[in-house]
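Take a look at the structure below.

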Protein chains: 2
Amino acid sequence: MSRAVLSLCTVFRMAGMGLRERRREELLGELRAIARRQLTENGAAALSLRAVAREAGIAVSALYRYFPDRDGLLTDLLVRAFDEQADEVEAAGAAAPDPAAAFAAGIRAYRRWSVAHPVEFGLAYGTPVPGYRAPAEQTVRAGTRVGDYLTTVLATAYDQGLVDRDAVERRAARLTAPTAEQLTVLRQRRGYGGPVALTALAMDAFVTVHGFVVMEVFGQLRPITPDAAAYFDEVVDERLRAIGFDRA
Amino acid sequence: MSRAVLSLCTVFRMAGMGLRERRREELLGELRAIARRQLTENGAAALSLRAVAREAGIAVSALYRYFPDRDGLLTDLLVRAFDEQADEVEAAGAAAPDPAAAFAAGIRAYRRWSVAHPVEFGLAYGTPVPGYRAPAEQTVRAGTRVGDYLTTVLATAYDQGLVDRDAVERRAARLTAPTAEQLTVLRQRRGYGGPVALTALAMDAFVTVHGFVVMEVFGQLRPITPDAAAYFDEVVDERLRAIGFDRA
DNA sequence: TCTAATCGAGAACAGTGTTCTCGATTCGTC
DNA sequence: GACGAATCGAGAACACTGTTCTCGATTAGA
């Protein structure tokens, strides 16, 4: 019978609670921990409510007091995974000396977390889990944090003169009308700074990086390159060079 | 009670068969068609042996005479999807006037098929279906056809002087030792022609394209660009330019 | 202290994949 | 052409799943 380790923040929050609410919070944390362990060990499809209840030592029906249904549990794990990944990306960026280095560090952290947590990554970015449709209102916020961060940090790098103006010019020349329109909408909705072509450069980089990571995590890269780390560095370097970052 | 349409090839093959074998082939085709329709309509997880049997008007247990188990059925559908996609890629390439155009056409066909068949694409390239592990010996052959084709066609384009020598030089300069080693192994095992850096360029292009398509099919591109087609053309054009194809 | 809300347990239902047995049908051979 | 052997489909059964319902026990707030 293992108890879930409670974070300090949780402990403080639980101070002003009644007995019932405290117990609820505690069990909820334990259930999340059990579910996540089963998720990482057996995959998303093998995540069974009955198995979670069995391991927690409670009845299956009691689980429905904490999660609406199986999809609700998956969604809960999904948004927490999203947030954990975004946390690491932002932390890596914050530790970098300047915005340009933060962009590169964020990208590398993105891959690091993904390969370290393949099942969570698959749940977040993989095939829409068969028979499971992630509710947008729950996931969109967490899911766009990484994109927001990378785009924003690139904009401040641009403002500080760290981005090659010629590279932005070249990208602007290749920008087609429909894409420019759509990117403009996205920019003013999210409040991205810098020229449109800069946003396009950020998207280019993210698409390449994400595509690479997807292939690596899902095993499609293995026939090509058993050790994808070195290849990843080449791809990233080329992308950074395209933006005008000499070294990173 | 709808009968599956039999291809001409199948009809000819069935000429020299006994009654039993002919019936088997016919029912097998019908089962595959039913399963595939259910797969595309409801997703991979919702593919139910009992539902297939019900629609085919046979008992569930009878299904086990045609497929070893549920995973076996999924694998069967998977390799057929792989092959169908590779067929379209190769057909598009064969219709192009020269190898350089064939490379571009193959890439575009790759996206076209994927977007048109999102569920099959997800089954082939998405999250290793939860609780389902595709047996390598069954899928590797079909899964590498596209990569083989693109790499080969790029090599013949190189031989015909259609590839910019400077681009290959630049890629060679960025090639790190471990990646070069792994690519060399891959090249001699698959019999790819041209210099190593050329293979790297082919991989770069495929990784970018595949990553893009994954994001588009799985919906991650929607917040960025509702209409991904135009953006795809920009990404592809930039990749082709990197290889030294002016237009395609 | 008493009422109302919350909670966990257990049974039940419909659905799934898989295995087994058992007649019926077809195949290859004497 | 008949006969033993292989193959086939049907049906029942088992273990498992998600989900819902009811029913006492426990806690919260007036």
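The buried residues of H5(B) include B:Leu73, B:Leu77, B:Leu78, B:Ala81, B:Phe82, B:Gln85 and B:Val89. Buried here means that 20 or more other C-beta atoms, placed from the backbone, lie within 10 Å of the residue's own. An α-helix has 3.6 residues a turn, so residues three or four places apart point the same way. Helices are DSSP runs of H or I with at least four residues, numbered from the N terminus.

This is a predicted model, in which local features need pLDDT of at least 70, side-chain atom pairs count only at pLDDT 80 or more, and totals for chains, interfaces and linings use all residues. Residues are numbered from 1 along each chain as its sequence is written, while chains are lettered from A and ligands numbered from 1 in the order in which they are written.

H5 of chain B spans residues 70-94. From first C-alpha to last it reaches 36 Å, close to the 36 Å expected at 1.5 Å a residue. What covers its buried residues? Helices H2, H6, H7, H8 and H9 of chain B are among the cover.

Last come the two chains. Their contact (C-beta atoms within 7 Å) takes 41 residues from chain A and 41 residues from chain B. On the chain A side, H12(A) gives the most, with nine residues.

Methods:
Helix = DSSP H or I, 4+ residues; strand = E, 2+ residues; numbered from the N terminus. Expected span 1.5 Å × (residues − 1). Buried ≥ 20, exposed ≤ 12 C-beta atoms within 10 Å, placed from the backbone. Contact = placed C-beta atoms within 7 Å.
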